[in-house]
There are 2 protein chains.
Amino acid sequence: MTPPTGTLTAERILEATEEVLRRHGPAKATVVDVARALGVSHGSVYRHFRTKAALREAVTKRWLDRTSQRLAGIVSMAGSPEERLRAWLAALFDAKRHKAGDDPELFATYTVLTDENVAAVAEHIEELTGQLTRIIEAGAEAGTFAVPDPAPVARAVFQATGRFHDPCYARDWTSPGIDEEFTAVVDLLVRGLSSPSQ
Amino acid sequence: MTPPTGTLTAERILEATEEVLRRHGPAKATVVDVARALGVSHGSVYRHFRTKAALREAVTKRWLDRTSQRLAGIVSMAGSPEERLRAWLAALFDAKRHKAGDDPELFATYTVLTDENVAAVAEHIEELTGQLTRIIEAGAEAGTFAVPDPAPVARAVFQATGRFHDPCYARDWTSPGIDEEFTAVVDLLVRGLSSPSQ
DNA sequence: GGAATGACAGATATTGAAATCTGTCATCCG
DNA sequence: CGGATGACAGATTTCAATATCTGTCATTCC
């Protein structure tokens, strides 16, 4: 399928694996398929990834990192902490909603992968709450947020908005009232964060 | 198994069905099993429930209603609206956590059932957010909560606490920090609800 | 010598035939 | 006559044989 351009690298294997997962789905995507797509023997794939699980974990991490990187930009954007917080949460919701809506089959595939790789997801959540913490810290320093310890509050905000980013709610993301629900939750959280004097 | 005491009633069928589900699990619990447990032919069960799905839906509703009824008491309890709100959310979390922790297999069974009966779950959530709305209304009337329209805010509170009552998070309910997380989210929400003057 | 191969053993998935279940209904029983 | 029965057709599940896959490693190739 893909011509054997250049040497076999982890990067090329990951790309081929994504393609195989896209084509065959998570249940039928095999290491043999990946090797076939690359025009090599499956033994060669095992030189770069110790097990099939490790290969799938690497693919999962790549996929999650793409979201993290997109959101990282918002953390250091212009605007007040409240604006950035709202923008960040909206961007997270938007990213997830589009992933789920634009290609439901691929999203289902990655949902299977994330269920298999709880540790990778935990890391991803760690990264995201870290970003949130930096926004909330900025608000605390500016005095607009009355928050003594930003990290646990960031986690609370992340958890409280789970309905708008956790894949287990993906089926609700096309409901008509979902945007109003999102706004209602975010408004409530921002009010809870905000310093009374502000 | 159960002797044919009295006449065959929907109630007795539901009890037998719960027992069969408890024993065999959701995948292997059949209408024939239920009939056998009652000492009747499976045709008789179909006199009371049109389909197997209808029977399972009825069982699901009973199970969900038990939780609703337990929480209903808290709505009209003594105490300030904030106290009642906190107590209600804590009781919901506690009820779910115990259901999941005390008998994980039975909880898994009912998780399958609720996944099958999205409509029954929607009704249940409607009932629960209704209870929440009444607590928040009381707070709005008392002036402790600054909430123009309690119903959507009640839904926001319910959704924001999903991590502490939605079965899809059941695996996290035994984590060590979970109580602190619960408190952090509830504190944030209560602050968001509270009137600044209060 | 370092990377790639493919044969291999054990684990996992697929398949199709047989068994069981769901839902109906003509019949039976009190 | 109203409720219970059990035989039945079609749908679903189970089970065991068969095929495929995973992961290893001695061998090959550049």
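Helices are DSSP runs of H or I with at least four residues, numbered from the N terminus. Pro196(B) sits in the segment after one such helix, α9 (178–193) of chain B. The model is predicted.

**How the two chains pair**

- Two copies of a chain are related by a rotation about an axis and a shift along it.
- Here, chain B is superposed on chain A by a rotation of 180° with 0.0 Å of shift along the axis. The RMSD of this superposition is 0.0 Å.
- That is the relation of a two-fold axis.
- Of the interface residues of chain B, 100% are also interface residues in chain A, so the copies meet through the same surface.

**Chain A as a whole**

- Chain A has nine helices and zero strands.
- Its pattern along the sequence reads α-α-α-α-α-α-α-α-α.
- The C-alpha trace of chain A spans about 65 × 35 × 25 Å along its principal axes.
- Chain A has 198 residues, and buried residues make up 45% of them.
- Take the contacts in chain A between residues at least 6 apart in sequence. Of these, 67% join residues at least 24 apart.

**Helices α1 and α4 of chain A**

- Two packed helices are described by the angle between their axes and the distance between the axes.
- Helix α1 (residues 10–24) of chain A packs with helix α4 (residues 52–75) of chain A at an angle of about 85°. Their axes are 10 Å apart.
- Angles of 65 to 115 degrees count as roughly perpendicular, and α1(A) is therefore roughly perpendicular to α4(A).
- From α1(A), the contact is made by Glu11(A), Ile13(A), Leu14(A), Glu15(A), Thr17(A), Glu18(A) and Leu21(A).
- From α4(A), the contact is made by Leu55(A), Ala58(A), Val59(A), Arg62(A) and Arg66(A).
- By class, this contact of α1(A) with α4(A) has six nonpolar, one polar and five charged residues.

**Helices α4 and α5 of chain B**

- In chain B, the axes of helix α4 (residues 52–75) and helix α5 (residues 81–102) come within 9 Å. They cross at roughly 155°.
- An angle over 145 degrees counts as roughly antiparallel, so α4(B) and α5(B) are roughly antiparallel to each other.
- The crossing of α4(B) and α5(B) is right-handed.
- The residues of α4(B) in the contact are Trp63(B), Thr67(B), Arg70(B), Leu71(B), Ile74(B) and Val75(B).
- The residues of α5(B) in the contact include Arg84(B), Trp88(B), Leu92(B) and Lys96(B).
- By class, the contact of α4(B) with α5(B) has nine nonpolar, one polar and four charged residues.

**After helix α9 of chain B**

- Ser194(B) is found in the segment after α9 of chain B.
- Ser194(B) has 17% relative accessibility, so this residue counts as buried.
- Beyond its neighbours within four places in sequence, Ser194(B) is in contact with Arg191(A), Glu82(B), Thr144(B), Phe145(B) and Ala146(B).
- Pro196(B) lies in the segment after α9 of chain B.
- Pro196(B) has 65% relative accessibility, so this residue counts as exposed.
- Leaving aside neighbours within four places in sequence, Pro196(B) is in contact with Arg191(A) and Ala146(B).
- Pro196(B) and Ala146(B) are 50 residues apart along the chain, and 7.7 Å separates their C-alpha atoms.

Methods: Residues are numbered from 1 along each chain as its sequence is written. Chains are lettered from A and ligands numbered from 1 in the order in which they are written. This is a predicted model: local features need pLDDT of at least 70, side-chain atom pairs count only at pLDDT 80 or more; totals for chains, interfaces and linings use all residues. Side-chain values use heavy atoms; hydrogens and water are left out. Copies are superposed by least squares on the C-alpha atoms of residues with pLDDT of at least 70 in both. Contact means heavy atoms within 4.5 Å. Axes are lines fitted to C-alpha atoms, for helices over the stretch in contact, and angles run from 0 to 180 degrees between N-to-C directions. Helices (H or I, at least four residues) and strands (E, at least two) are DSSP runs, numbered from the N terminus. Angles under 35 degrees count as roughly parallel, over 145 as roughly antiparallel, 65 to 115 as roughly perpendicular and the rest as oblique. A crossing is left-handed if the near helix is turned anticlockwise from the far one by less than a right angle, and right-handed if clockwise. Ala, Val, Leu, Ile, Met, Phe, Trp, Tyr, Cys and Pro count as nonpolar, Asp, Glu, Lys and Arg as charged, and the others, Gly among them, as polar. Buried means under 20% relative accessible area, exposed over 50%, partly exposed in between (1.4 Å probe, protein chains only).
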